[in-house]
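Here is a short report for a first look at this model. Keep the sequence and the 3D view open while reading.

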Amino acid sequence: MTVAFLDPLKIGRLRQSINQDAEFKLAARYMSEDVLFEVDKARSIVRVRNGEISEIKIGPSPDESWSFGISAPAASWEKLLQQIPPPFFTGLNAAMMRRHLQITGNLELAFAYLWALNRILDIMKQPGNE
Amino acid sequence: MAKLEAVIGRYCYLTVDGVEYRVYFEENGRGIPLLCQHTAGSDGRQWRHLLNDPEVTSKYRVIVPDLPYHGKSLPPQSVDWWKAEYKLTKSFFIDFLVELKHCLELKRPAFIGCSMGGNLALDLALERPDEFKAVIGLEGADYTPGLDIIWFNHPRISGEFKFANLYESTAPAGPENNRREIGWVYSQSAPPVFRGDLYYYSREHNLTGQLGRIDTSRIPVYLLCGEYDFASTPEMCRRTASQIKGAKYTLMEGLGHFPVAENYQLFKRYLMPVLNEIANMR
């Protein structure tokens, strides 16, 4: 599968969809963090500034840092992004609790913005963003 | 004409360990008393659909308390509760339910509880089997470790974490408003309450190796678990039931950790056979 934040043809539309989403605007208010998304060994950084995604960068360079990361094998992402996900894949925390996904780095920040992060997953399920 | 529910709310005063508590409860119906225990960090509002279901209230007197420190049951007046960390202990939880039963003069009520209430169903069956007619444990198991994480009561994490976290605990195809309502109620509890309740849920409640002592000829035990529950998983619940001779286990497809609140109409399909069976017991 191809996850939208790793696909150069999809990241523009994904960024626009997220920034136009009313619930994300609420959940991400005050958020200014760089989030590393990992699918197996593929990576991208989603940069959020003042509640808006300012950049999605595929393949960050070795000297870049981030606030926290969300890391899972492709099989887990495939389940997380299903319209009706299977048990234990209803969100980042559920998948993490059952060890299908890891949140790396600053867990406190990740949990502070869990609502916004889960909303990103929801938007990635929408038509055109899959 | 005003649109009114038949549910009424009242307060009762009861004493546990020498401390008096003013306890809020709601009730509706006539028949066998059915004591309903809410989940950790929440309150009795999550039973509102059951309280308003005539099919249940025609046979059962449904009684839903808010535990002290939860919902409309304020902390006690005689204790400097702000000087100590809030922790729900197993002995308090058991004694509170039994005292409430006595306070309301309930004769062998049935008990139903969800999550920590589901765990309590097992503790009551083991420790107070003659007080209750039957116990129904929803989303409970013999041992549910690992949930009392610091992030549920941390000065730098807001109630929005609970709002998002508990939403994930529901099944994805359920009514969206109900799923959000669960998170809404969770985000309203006082900061230490959820984690303090999880002290019981994840630490004090541990029936490993003790389930064989539950005598279902004295107190029937029903365990029901939602397919999507990642805290007390169907496998944990099934394993628990398998160690209690005579216990009945039901997997609830399409439901998560909050069956009574997240999708009552679907939950009811699993609940009514149990309630009908209990109603027909001598």
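## Salt bridges

Over all chains, the count comes to 29 salt bridges (a side-chain nitrogen of Lys or Arg within 4 Å of a carboxyl oxygen of Asp or Glu). One of them joins Arg48(B) and Glu181(B), with the closest N and O atoms 2.7 Å apart. Arg48(B) lies in helix α1 (residues 48-51) of chain B and Glu181(B) in helix α6 (residues 176-186) of chain B, so the pair ties together parts 133 residues apart in sequence. Helices here are DSSP runs (H or I, at least four residues), numbered from the N terminus.

## Basis of the model

This is a predicted model: local features need pLDDT of at least 70, side-chain atom pairs count only at pLDDT 80 or more, and totals for chains, interfaces and linings use all residues. Residues are numbered from 1 along each chain as its sequence is written, chains are lettered from A and ligands numbered from 1 in the order in which they are written, and side-chain values use heavy atoms, leaving out hydrogens and water.

## Where the chains meet

Chain B gives 24 residues to the contact, and chain A gives 22 residues (contact means heavy atoms within 4.5 Å). Between them the chains bury about 2000 Å², 61% of it on carbon and sulfur atoms. Buried area is the accessible area (1.4 Å probe) that two parts lose on being put together, summed over both. In chain B, Glu160(B), Glu168(B) and Phe230(B) lose the most area to chain A, together 31% of what that side buries.

The rule finds 3 salt bridges across this interface. In a salt bridge, Arg156(B) meets Glu108(A) through their side chains (2.5 Å, N to O). Helix α5 (residues 160-168) of chain B supplies 6 residues, the largest share of the side of chain B that touches chain A. That side divides into 13 nonpolar, 5 polar and 6 charged residues. Ala, Val, Leu, Ile, Met, Phe, Trp, Tyr, Cys and Pro count as nonpolar, Asp, Glu, Lys and Arg as charged, and the others, Gly among them, as polar.

## A helix pair across the interface

Helix α6 (residues 114-124) of chain A meets α5(B): their axes come within 8 Å and cross at roughly 40°. That makes α6(A) oblique to α5(B). Axes are lines fitted to C-alpha atoms, for helices over the stretch in contact, and angles run from 0 to 180 degrees between N-to-C directions. Angles under 35 degrees count as roughly parallel, over 145 as roughly antiparallel, 65 to 115 as roughly perpendicular and the rest as oblique.

From α6(A), Leu114(A), Trp115(A) and Asn118(A) take part, facing residues of α5(B) that include Glu160(B), Phe161(B) and Glu168(B).

Definitions and conventions. Helices (H or I, at least four residues) and strands (E, at least two) are DSSP runs, numbered from the N terminus.
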